[in-house]
There are 2 protein chains.
Amino acid sequence: MKLALPGGTQAFLAEYWQKKPCLIKGGIQNFADPLDANDLAGLAMEAEVESRLVVRMGENWDVQHGPFETFPSTDKDWTLLVQAVDHWFEQSQALMGLFDFMPRWRIDDLMVSFSVPGGGVGPHVDQYDVFIIQGEGKRRWRVGDKQPLKSKTPHPSLLQVEPFETALIDAEMAPGDILYIPPGFPHEGYAITPALNYSVGFRAPSGRDLLTHFADLAIDEERYNHRYSDPDLRPRDKTGEITLPELNRLKSNLTQIFDDEATLYRFFGLYLSEAKHELDLAPCEPAYHQEEVSQLLEAGVPLYRLAGARALYLAGVADTLFVDGEAFALPQGVAEALANSDAPDTALLAAQPQALEVLTRLINRGYFFFEEA
Amino acid sequence: MKLALPGGTQAFLAEYWQKKPCLIKGGIQNFADPLDANDLAGLAMEAEVESRLVVRMGENWDVQHGPFETFPSTDKDWTLLVQAVDHWFEQSQALMGLFDFMPRWRIDDLMVSFSVPGGGVGPHVDQYDVFIIQGEGKRRWRVGDKQPLKSKTPHPSLLQVEPFETALIDAEMAPGDILYIPPGFPHEGYAITPALNYSVGFRAPSGRDLLTHFADLAIDEERYNHRYSDPDLRPRDKTGEITLPELNRLKSNLTQIFDDEATLYRFFGLYLSEAKHELDLAPCEPAYHQEEVSQLLEAGVPLYRLAGARALYLAGVADTLFVDGEAFALPQGVAEALANSDAPDTALLAAQPQALEVLTRLINRGYFFFEEA
Ligand SMILES: O=C(O)CCC(=O)C(=O)O
Ligand SMILES: O=C(O)CCC(=O)C(=O)O
Ligand SMILES: [Co+2]
Ligand SMILES: [Co+2]
């Protein structure tokens, strides 16, 4: 499989990314479905996996949440959606790998849907960019321009918008076609024949996300204890007033927190490395000893990052690797190697004995694993 | 009673406030205890009132939390401390009123202690300014200079510091004496004869306080939904890196929240008007009708603010009154009248019929009350 974006990735991003939707016929050359409807149904039966079944009945919609034991016997108007398939289904890595030119921290997960004819989630607007890849089957997708549309919740867990008339894109998608949709563009898709769709979804924190999670860190780490102070206070008559200089001082008491860029950037590393969906994390039993890890690295046994695990480092401070919301101290270069490839260079790692302790810990925690013999 | 600070309040603040401790012999002229040890014990028996009993047994300390049913029968080495006495004991208003030249939002509460000889809480450091007023009895107080001192917790709910040798102030205090202590200066007091002490305490939010409570408001009000965006994204090799431009953009995504000064200042009003200790709040039964309130105001029946209730307004936007963590819309001038005096000018209020609805609500909620006939 090979990604073929119009004009190449750079031109594609410049023209479309976060700007306008784009239908890319044959966007994936030699496309092959990494899974089939049965695989997806199997995942939706697992308790750890997030899944939803959306059924349309004329004007009414029903939503059920997995894990499922059975699926509708009808062959019309339903779709099964499974989140974070990249975490649970090894074979989906190849598909995710096609997007390995995007910053890892911006990518969220791979959602996969299986729809029978007429199946879809209805018209809606997402807050994140998405590449929807057509797999097996045919599905008609419509994308409208950004516009004010009334929200609808035909079911408490189904957020839709009112139908949109004019479509920027209205197309029947075939295997290997890609539909790119930036945040805010309404879209809807209905299967024509039983169809698989793969959504490579992105994440983009809101101001509120950053604020509230940063506040959690401040609490956990008992930071920012500096108290308001006013040694220049003068007696006053209007004792019920908060004066303008006081408001300004309160403001700077709050905003001076953000002058501490080291903590703020560390927070970004921690927060953005946290997976939004459960990982298929299995600690090693028995645990590796450092010597074993060292031997395996020297023997060149391939090492992989756990699918879906996010390993990030900050520009300029590549001696800390952020993995799933935790910081790990590693020699400069090792963090980069572990973060920039799904299969880090074992020769490079073998040459860094100072990294061994932390690397052994990461392996024993399940974030990296050796290829089994 | 009259406050007599050295050189007057203005000179006192300029020289001492938040700078250095000061013993003010005879700081309150014609001092009269607003309560006695029995009154305080009575308060400590109430479930709504926060109280502590601190007992010293040689090197060991014991702390019990109220409400209490009995008190130690020994006449040595214990002290009973009651928080927010100003909320619960009407007669303490006169004492609080002496500090009515300080911004109301900076004042926290009146803590009162009764100590038998040898009683005290041990050497400690507070994070807030305090005026400790000596009432009935005699107590020896020592205050040391700001210095690094090891923390000690001789009991899980008693935070002390190791003993400090040199004292800036070492004095036997008599009724009407005041000891002013800025944040950070270690101090300890032991009763010589059974003694009452009145602590007028201040509050000063930390950066963390402001951050975490502001984050709560952002959640409650679903604010700051703007998401990170990067329409200028380019393909990259080092996909595990969060680049410097990205870190900066994340930072500004977070800090741009504080450009919204209207919300931030409103937050300060809400947060700083919230009492830290429970209020003696009793909704009116039966509730007043607006017409009754109007008649009472016109008849000049005195109106009072509930003791301990915080009513604040922001400079420049005096058409919102913040009371105990809520905002109330009121005509310009009315908010000032309600905030700046414990007994607001009823003639002024009577002349503002547009204020009647909100004022009636505030009265029915129990934040303001008419003098009973
Ligand atoms: O596959 C589907 O039915 C929904 C896909 C979609 O709307 C999305 O990924 O944003
Ligand atoms: O009255 C007491 O024993 C404690 C007073 C005190 O240390 C304070 O108010 O800061
Ligand atoms: Co969508
Ligand atoms: Co103290």
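Author: Let us begin with exposure: a residue is called buried under 20% relative accessible area, exposed over 50%, and partly exposed in between, with a 1.4 Å probe and protein chains only. This is a predicted model, in which local features need pLDDT of at least 70, side-chain atom pairs count only at pLDDT 80 or more, and totals for chains, interfaces and linings use all residues. Residues are numbered from 1 along each chain as its sequence is written, chains are lettered from A and ligands numbered from 1 in the order in which they are written, and side-chain values use heavy atoms, leaving out hydrogens and water.

Reader: How is a pair of aromatic rings described?

Author: Such a pair is described by the distance of the centres and the angle of the planes. Rings of Phe, Tyr and Trp (its six-membered ring) pair if their centres lie within 6.5 Å, and planes under 30 degrees apart count as stacked, over 60 as edge-to-face and the rest as tilted. By this rule there are 45 aromatic pairs over all chains. One of them joins B:Phe68 and B:Phe71, which is tilted because the planes stand at 45°, with the centres 5.8 Å apart.

Reader: Are B:Phe68 and B:Phe71 buried or partly exposed?

Author: B:Phe68 is buried, at 6% relative accessible area, whereas B:Phe71, at 25%, counts as partly exposed. Another tilted pair is B:Phe214 with B:Phe258, at 5.6 Å centre to centre and 35° between the planes. Here B:Phe214 is buried at 0%, and B:Phe258 is buried at 2%.
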